[in-house]
Amino acid sequence: MSGAAEPQRPRRGGKDRARRPRIGLALAGGGPLGGIYEIGALLALSESLDGLDFDDLDVYVGVSSGGFVAAALANGISAPQMYRLFIEDGAGLRLSPSLFLRPALREFVRRALSVPRLLAEATAVYLRHPWRGGALGAYAALGRAIPTGVFDQRAIDAFLRRLFTTGNRTDDFRQLRRQLFLVATDLDTGSAVTFGGPAADHVPISKALQASAALPGLFPPIRVDGRHYVDGALNKTLHASVALDRGVRLLLCINPLVPFDASAASRNGRPSVEKLDQGGLPLVLAQTFRAIIHSRMKVGMEKYRQQYPDADVLLFEPDREDADMFFANIFSYAHRERLCEAAYRSTRRNLLARQALLAPLLARHGVRLNLKRLDDGRRSMADALNDPRPLQARPRGVRQATRDLAHTLDHLEAWLAAASAP
């Protein structure tokens, strides 16, 4: 990927921003579970890092579900607002996990309609050459009738288009005040494609999000400009180099998927099965996927340190013995709130444990750890939701009032939508 400088979009904070190093955020995927974890982690980071406004950074990079969170931040939707949109129980404009489970009926019908033609072609091949490959070889072409995905993303697309065209938000990369990059994989070449870059910034943000999150097998590939795209995590877990190539000198990364250590969790008395094979194939596959993703990401992090020696890259992840993160039922609002709270507390513990390393590193970029807040053992996620940033990091009065008004209007629109729904 080229590291050439790109024309910079206009941004807020002109002189102050020009004086400090460029700061970015890279978010990995992990399905709805990963998005919930990232919101909880961002709530903790937002209130604990003075001098840093997470919905006004220089560069955002998102992959798969991390793209949803990155795109929301780039559009000025703060972590507390995301909590209310994605996690909190209520009516109106919300991204419920059930939207990800709408059957891909069009894909099923399209593939089913192809069966007679494929069957006729396979039969003709077999009758012409009955001994060349046998019946199994001739009828293997019927595999093309198998749907490429189980679930439909159209409901998600409708939600995103509506969300990103409300108020001062935009569904156009070119209209954003911050740089946003969403990474997907070109199905026909296997190469990573960065939506939001010069060659692909005309694609709507909502469409790019669909492409970046189209996990093969679950969602059909997304067609954009005649090409088909699938989940961006097929190439890399984080794609942090996209931000580092744009001159970011402090990059905060969040990866929600780590292998689960069932043995350690059992020793520490956390609720879980002692052996994952007791959970059957779903748990075995989940652990396998996490191990592959995490191993690849560790290799990538080492490369970033070598290739970008002038940049500081900080990674935040769940504890490997966090049973809530591994066994959470994302369709239960109680579980989703508990998972977000667990992510919030885990990130706070991480910051405290690494404070000796983090404090001088962050200071180089004009950021300071708020140790008073981190040392407050009584603090909960509810406090972060009510006041996500310390006093010295809050926006000026007019800007805060504008945000509060926008948030109120969002709730009003959600209520009106719910009231007018059949």
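**Contacts and fold**

Guide: Of the contacts in the protein chain with a separation of 6 or more, 77% are between residues 24 or more positions apart. Keep in mind that this is a predicted model.

Visitor: How many helices and strands in the protein chain?
Guide: The protein chain has 18 helices and ten strands.

Visitor: And what share of the residues is buried?
Guide: 52% of the 422 residues in the protein chain are buried.

Visitor: Let's pick residues. Where does His 365 lie?
Guide: Look in the loop between helix H15 (355-363) and strand E10 (368-369).

Visitor: Is His 365 buried or exposed?
Guide: Buried, because its relative accessibility is 6%, and the cut-off for buried is under 20%.

Visitor: Which side chain does the His 365 side chain make a polar contact with?
Guide: That of Asp 312, at 2.7 Å.

Visitor: And which residues does His 365 touch, leaving out those up to four places away in sequence?
Guide: Pro 21, Ile 23, Arg 249, Leu 250 and Asp 312. So Asp 312 is on the contact list as well as being the polar partner.

Visitor: Where do Cys 253 and Cys 340 sit, buried or exposed?
Guide: Cys 253 is buried, at 0% relative accessible area. Cys 340 also counts as buried, at 0% relative accessibility.

Visitor: Now the surface. Which residues form the nonpolar patch with about 220 Å² of accessible area?
Guide: Leu 215, Leu 218 and Leu 234 form it together.

Visitor: Take Leu 218. Where is its place in the chain?
Guide: Leu 218 is in the loop between helix H9 (205-212) and strand E6 (222-224). It counts as partly exposed because its relative accessibility is 34%.

Visitor: Last one: Phe 159. Which helix?
Guide: Helix H8, which covers residues 154-163. Phe 159 counts as buried, since its relative accessibility is 7%.

Visitor: What separates the C-alpha atoms of Phe 159 and Leu 99?
Guide: A distance of 9.2 Å, with the two residues 60 apart along the chain.

Definitions and conventions:
Residues are numbered from 1 along each chain as its sequence is written. This is a predicted model: local features need pLDDT of at least 70, side-chain atom pairs count only at pLDDT 80 or more; totals for chains, interfaces and linings use all residues. Side-chain values use heavy atoms; hydrogens and water are left out. Helices (H or I, at least four residues) and strands (E, at least two) are DSSP runs, numbered from the N terminus. Buried means under 20% relative accessible area, exposed over 50%, partly exposed in between (1.4 Å probe, protein chains only). Patches are made of residues with over 30% relative accessible area and no salt bridge: like charges are joined within 9 Å, nonpolar side chains (Val, Leu, Ile, Met, Phe, Trp, Tyr) within 5 Å. Accessible areas come from the Shrake-Rupley method with a 1.4 Å probe; for residues, only the protein chains shown count as cover. A salt bridge is a side-chain nitrogen of Lys or Arg within 4 Å of a carboxyl oxygen of Asp or Glu. A polar contact is a pair of N or O atoms within 3.5 Å; within protein, one must be able to donate a hydrogen and the other to accept it, and residues adjacent in sequence count only if both atoms are side-chain atoms. Contact means heavy atoms within 4.5 Å.
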